[in-house]
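Student: I have a model open and want to learn to read its features. Where do we begin?

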Amino acid sequence: MHPRQALLDTGESLPDLPVCDHYAGVEVRMRKSLALQAAMGKAHGRALFDATLDAEDGAPVGGELEHVALIAELVNSADNCFDRVGARVHPVDHPAFEAEVDHLLSRCGERLAYLMLPKPRDARDAEIGIERIDAIARSLGLSRQVPVHVLIETHGALHEVDRIAAHPRVESLSFGLMDFVSAHRGAIGSGGMSAGGQFSHPLVVRAKLEIAAACHRHAKTPSHCVVTEFKDRVALGQAARRAAHELGYTRMWSIHPDQIEPIVQAFAPDADEIDAASEILLAAQAAQWGPIRHRTRGIDTLHDRASYRYFWHVLERAHRTGCALPDEVARAFFRVSTERPPA
């Protein structure tokens, strides 16, 4: 029996999303992001990062529909090798919102990985946005529901973050650091937006923790905010590791191509973790998922279904980040079928 069938209850698995979400809004950068996604994913047979094409900050005022037409063209292009290209639209109260959604769903709705909803003022805003997306999809006869990601960057959205995460159509929540800090009207200094300050200011850390906790409560993916010092790979790597290991995030934004690889590396388990998880889960599968004894660093340890679930998530994360897996593990858990076994 596959670990997903043996260990996880219905709805317990997180969405199978890459650990990095790369944003681009200018045409040349959007095209480069798709080319990089294809090149990095080629060796692994899957996208190592998502590409989010930005219709909110990327579109010139008055040129919103022309910009989403370009996004639709790119989503439908041969450069979109893995169907892991999404789009951020304008907020639900923006005059262009419905036209953007209609344009995207009508032209590339079958291939669009997700729609990102920015700046909901509260849970009701997010619900209205999702209702309008689904109504447009029905009117177009779209055969699938496009997943929805929500950007938490206002006081009201943070206050109702659990309700937003609980929505069945929401796949992931992202933290919008810059707008969140600005919403405090100067009460949080500019250092709260820096690579270091965003991990030390209590109001910013509180927001990050509430978003991560809400996501894990409802089996959604928490996506960590940007690091604006895009040329400082050391600062970016440290921030990504803290997001992954201290704050419980399983995904993070990139705003420059140089940030993608450090994010993927920071969210990947190390080789010792992968080896231990592999040995334990293969032994557990052989024992029909009953308790086993495993020798770890010279110490005998007992394991059962509770720890098996943890080690399964380690292997999923390794697979998601392109880590080398033992052949037996790859055959047993990741290559038997091209489709995910039922939860």
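Tutor: Begin with exposure. A residue is buried under 20% relative accessible area, exposed over 50%, and partly exposed in between. This model is predicted. Take R31: its relative accessible area is 33%, so R31 is partly exposed.

Student: Which residue does R31 meet in a salt bridge?

Tutor: First the criterion. A salt bridge puts a side-chain nitrogen of Lys or Arg within 4 Å of a carboxyl oxygen of Asp or Glu. Here the side chain of R31 meets that of E27, at 3.0 Å from N to O. E27 is partly exposed as well, at 37%.

Student: Why are E27 and R31 separated by about one helical turn?

Tutor: Because they sit four residues apart in helix α2, which spans residues 27-42.

Student: How many salt bridges does the structure hold?

Tutor: It holds 28. One of them joins R169 to D134, with the closest N and O atoms 2.8 Å apart. That pair links distant parts of the chain, 35 residues apart: R169 is in the loop between α7 and β6, D134 in helix α5.

Student: Are R169 and D134 buried or exposed?

Tutor: Both are buried. Now take R217 and D162, whose closest N and O atoms are 2.3 Å apart in a salt bridge. This pair also links distant parts of the chain, with R217 in helix α9 and D162 in helix α7, 55 residues apart. R217 is exposed at 55%, whereas D162 is partly exposed at 31%.

Student: Which residues are linked in a network of salt bridges?

Tutor: D54, E56, D57, R88, K119, E153 and D179.

Student: Which residues gather in a patch of negative charge?

Tutor: Patch members have over 30% relative accessible area and no salt bridge. On this surface D270, D272, D275 and E279 form such a negative patch. D272 lies in helix α12, residues 271-286. Its relative accessible area is 53%, so D272 is exposed.

Student: What should I look for in the backbone?

Tutor: Most residues other than glycine have a negative phi. R185 has a positive one, near 55°. R185 is in the loop between α8 and α9, and is exposed at 75%. Q288 also has a positive phi, near 55°. Q288 lies in the loop between α12 and β9, exposed at 67%.

Student: Which residues does UniProt list for the domain?

Tutor: The unreviewed UniProt entry lists residues 81-186 as "domain: HpcH/HpaI aldolase/citrate lyase". Over that range the chain is 44% helix and 17% strand. The end C-alpha atoms are 43 Å apart.

Terms used:
Residues are numbered from 1 along each chain as its sequence is written. This is a predicted model: local features need pLDDT of at least 70, side-chain atom pairs count only at pLDDT 80 or more; totals for chains, interfaces and linings use all residues. Side-chain values use heavy atoms; hydrogens and water are left out. Patches are made of residues with over 30% relative accessible area and no salt bridge: like charges are joined within 9 Å, nonpolar side chains (Val, Leu, Ile, Met, Phe, Trp, Tyr) within 5 Å. Accessible areas come from the Shrake-Rupley method with a 1.4 Å probe; for residues, only the protein chains shown count as cover. Lys and Arg count as positive and Asp and Glu as negative; His and the chain ends are not counted. The place of a charge is taken as NZ of Lys, CZ of Arg, CG of Asp or CD of Glu. Helices (H or I, at least four residues) and strands (E, at least two) are DSSP runs, numbered from the N terminus. Buried means under 20% relative accessible area, exposed over 50%, partly exposed in between (1.4 Å probe, protein chains only). UniProt positions are given in the numbering used here, feature names are shortened, and annotations may be inferred rather than shown by experiment.
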